[in-house]
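These are my notebook entries on a single chain, kept for a reader who is new to it. The structure is shown first, and the entries follow.

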Amino acid sequence: MKHRIGFNALSRNSAHRKALKRNMVTSLFRYERIETTKAKALEVRRMAEKMITRAKIDSVANRRQIAKDITDEAVAAKLFTEIAPLFVERKGGYTRILKTGNRLGDAAEMVILELVEKTAKPEKKAEKKAEKKAAKPEKSEKEEK
């Protein structure tokens with residue numbers, strides 16, 4: 001039975017485990033989706049959900065608390081300006097875990113950990129189409145002269 005066991009040690013010492021979780025949370029916020037093992041994803045999700053809850057209120061104290069774990073300033077800024085505002089109305093459950101099957105080497109259960117809401121990214125195809133449309137009238141005007 002798992003009585004009074006608060007977390008999964010992931011077969012690592014505390015410093016290694018702390019670094020692993022910090023790196024994976026940073027990657028999750030940077031790419032908004034990561035693929036990892038189920039055990040790691042469950043631990044990273046706990047940390048990420050608490051960070052998003054804290055980031056919903058943008059204050060100096062909250063920014064400093066987040067900066068303890070996320071050392072990349074760009075990712076921390078993204079968390080406060082882009083990610084957290086998406087979840088203001090949501091009480092919890094900011095991430096989802098999708099099972100993808102077992103890893104070939106050691107048959108570890110692999111999952112995708114992703115944010116429930118996606119930040120808006122401009123689509124490259126839409127930008128290219130807009131550029132082509134803008135370029136075509138210029139060519140036709142030159143041909144008329």
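**Entry 1. Overall order.** I read the chain along its sequence and noted the pattern α-β-α-α-α-β-β-α. The count is 5 helices and 3 strands, where helices (H or I, at least four residues) and strands (E, at least two) are DSSP runs numbered from the N terminus. The model is predicted, so I recorded that local features need pLDDT of at least 70, that side-chain atom pairs count only at pLDDT 80 or more, and that totals for chains, interfaces and linings use all residues. Residues are numbered from 1 along each chain as its sequence is written, and side-chain values use heavy atoms, with hydrogens and water left out.

**Entry 2. Whole-chain totals.** I looked up burial and found that 31% of the 145 residues count as buried; buried means under 20% relative accessible area, exposed over 50%, and partly exposed in between, with a 1.4 Å probe and protein chains only. I then looked up contacts (heavy atoms within 4.5 Å). Among those between residues at least 6 apart in sequence, 58% join residues at least 24 apart.

**Entry 3. The sheet.** In what order do the strands of the open sheet lie? I noted β1-β3-β2, with antiparallel pairing; two strands pair if DSSP finds at least two bridges between them. The edge strands are β1 (33-37) and β2 (95-102), each of which pairs on one side only. From one strand to the next, the twist averages 25 degrees; axes are lines fitted to C-alpha atoms, for helices over the stretch in contact, and angles run from 0 to 180 degrees between N-to-C directions.

I followed β3 (residues 109-115) to each partner in turn. With β1 it pairs over 5 bridges in the antiparallel sense, and I34 stands opposite L113 of β3. With β2 the antiparallel pairing runs over 7 bridges, and L98 has I112 in β3 as its bridge partner. β2 and β3 form a hairpin with 6 residues between them.

**Entry 4. Helices.** I found helix α1 (residues 14-31) lying across β1, β2 and β3, at about 145 degrees to β1. For helix α2 (residues 38-55) I checked the length. Its 18 residues at 1.5 Å each should span 26 Å, and the end C-alpha atoms are 25 Å apart, which agrees; the expected span is 1.5 Å times one less than the number of residues.

Which residues of α2 are buried? I listed K40, A41, E43, V44, M47, A48, E49, M51, I52 and A55. The buried residues of α2 pack against α1, β1, α3 (60-69), α4 (73-86), β2 and β3.

**Entry 5. A charge over a ring.** I noted that the charged end of R63 sits over the ring of F80, 4.4 Å from its centre. The criterion is NZ of Lys or CZ of Arg within 6 Å of the ring centre and within 35 degrees of the ring normal.

Entry 6. S11, not a glycine, has a positive phi of about 55 degrees and is placed in the segment before α1. S11 counts as exposed because its relative accessibility is 81%. A107, also not a glycine, has a positive phi of about 60 degrees and lies in the loop between β2 and β3. With 49% relative accessibility, A107 counts as partly exposed.
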